[in-house]
Amino acid sequence: MMSFWSGLKRDTLFARIAGVLILNLLLANFVTYLLFRVEVEHVPLRSELTERIATSLRALDALPPEQRPALAQAISTSDLGIQIRSAAEVEAHDPPDRADGSASSPPDPRFEQRLRERLGGRKPAHAMHFWRPPPPLLGAPGIDSDEAPFVIAISMHDGTFAEFHPQRIPMAFRWLQLGTEIASICLVSSILSLWFARRLSYGLARFAAAAEEFGRSAEAPPLPETGPVELGLATQAFNRMQERLRRFVHDRTQMLAAISHDLRTPLTRMRLRAEFVDDEEQRSKMLHDIAEMETMISATLAFARDDITREPRQEEDLDELLDTLCETMGETGQEVRYVAVGPVPVRCSPLALRRAFANLLENAVKYGQRARITLKQAPGQVIVEIDDDGPGIPTDMQEAVFQPFFRLESSRNRDTGGVGLGLSVARTIIRGHGGDITLANRPEGGLHATITLPA
């Protein structure tokens, strides 16, 4: 639900589709509101009322006289009351000769015409009487005589009359009713529009998440090829690209491992031959170079083996992992300091992540005498900082040290450093988890490494 609302707050495809749909919906309802304004004000004199009167009269006329009062009461509504009257009662309310000299006539001549048409023709087959309610209602404040209620009495086949009392609903109530109906339509339609927009944008959001996951791990599963045709084609192309890249990386790593493995045989022969060299100094130099090459090959094989054998991801407490690693290094006499901060769960490959941090800490201790680790949490990510007291790294070479087999100490003496794969392996592992490593020199001296991982 939080992602649903956060998608509306940002400039996303979901927000744009939802905005267009809801704006058009509100505009359509506003136009409808204006168009029906006249209808709302004149409903009592329109065809709807004449149709209701004609239908009710036919139903009453078809019943025996004793059943009509019950039906009249049953079909009466708040805006149209119905009663059964005798001819004498109707004459009493609407005498032929009125005291004021006015004739019995409808409030709108067209109304009687429409009503007779609904009843089956223009000929006066039904006697009709119209009259206004008596004063003081007509003289009540705020009521115009043209807008005052009126009564309609229509004869049936046995001479009795059905008396209809149309009631004009107050305009405030009509506006409230119309507004409530439009608001309800807008609410339901807006919810459906949001759902529809979410469904349209979901495929692209899933596509972006899959691309991000593939950037973290080459073993990410393929996307299901569902959705609209265009999205399905894009998903197929993405899955094919993912498979080609995965196969390319795997083949390259296997080739590297095979070459490194095959180099061990000639190196063994070279070592045997070097043992027969008479010159002590030359023999020592040759054996040293062979040992250096074997170290590089072993490191390369280890790197390739770890790359081919993908460790499954699981939730791990990063605080506990760092604490255990620092304790292990401290037992070997290395000066590493870390203060536990409590559980910090991350989804990772534990052994690979432990190797990455071990490489960084070993470098810090080797070149900076001691290492200090700080673990922090930020919105959406976890930050690990490693400081040492060494000479630092020149700014123009802080990126180059992550290249495989690159070493600042150019003699490649095993006593002063490794073969140059430690930082490269560490960054590969961290980036495989969706994070990164950056280096910077501390103002007071030493190197500052910042490792970020997704929370």
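## Reading helices in a predicted model

Author: This is a predicted model. Just after helix α13, G434 has a positive phi of about 85 degrees.

Reader: How many residues of α13 are buried?

Author: Eight of the 11 residues in α13 (residues 422–432) are buried, and the helix is mostly covered. Among them are L423, V425, I429 and I430. S424, A426, R427 and G432 are buried too.

Reader: What describes two packed helices?

Author: The angle between their axes and the distance between the axes. Take α11 (residues 318–331) and α12 (residues 350–368). They pack at an angle of about 50 degrees, and their axes lie 11 Å apart. That makes α11 oblique to α12.

Reader: Is the crossing of α11 and α12 left-handed or right-handed?

Author: α11 passes α12 in a right-handed crossing.

Reader: Which residues meet there?

Author: From α11 come L318, L321, L322, T324, L325, C326, T328 and M329. In α12 they meet P350, L353, R354, F357, A358, L361 and E362. By type, the contact holds 11 nonpolar residues, two polar and two charged.

Reader: Why do residues three or four places apart in an α-helix point the same way?

Author: An α-helix has 3.6 residues a turn, so residues at that spacing point the same way.

Reader: Where is Q73, and is Q73 buried or exposed?

Author: Q73 sits in helix α5 (residues 68–75). Exposed means over 50% relative accessible area. Q73 has 66%, so Q73 is exposed.

Reader: How many residues separate Q73 and Q83 in sequence?

Author: They are 10 residues apart in sequence. In space, Q73 and Q83 are 7.2 Å apart, C-alpha to C-alpha.

Conventions:
Residues numbered from 1 in each chain as written. Predicted model: local features only at pLDDT ≥ 70, side-chain atom pairs only at ≥ 80, totals over all residues. Heavy atoms only, no water. Axes fitted to C-alpha atoms, helices over the stretch in contact; angles between N-to-C directions. Helix = DSSP H or I, 4+ residues; strand = E, 2+ residues; numbered from the N terminus. Parallel < 35°, antiparallel > 145°, perpendicular 65-115°, else oblique. Left-handed = near helix turned anticlockwise from the far one by under 90°. Contact = heavy atoms within 4.5 Å. Nonpolar A, V, L, I, M, F, W, Y, C, P; charged D, E, K, R; others polar. Buried < 20%, exposed > 50% of the residue type's maximum accessible area, 1.4 Å probe, protein only.
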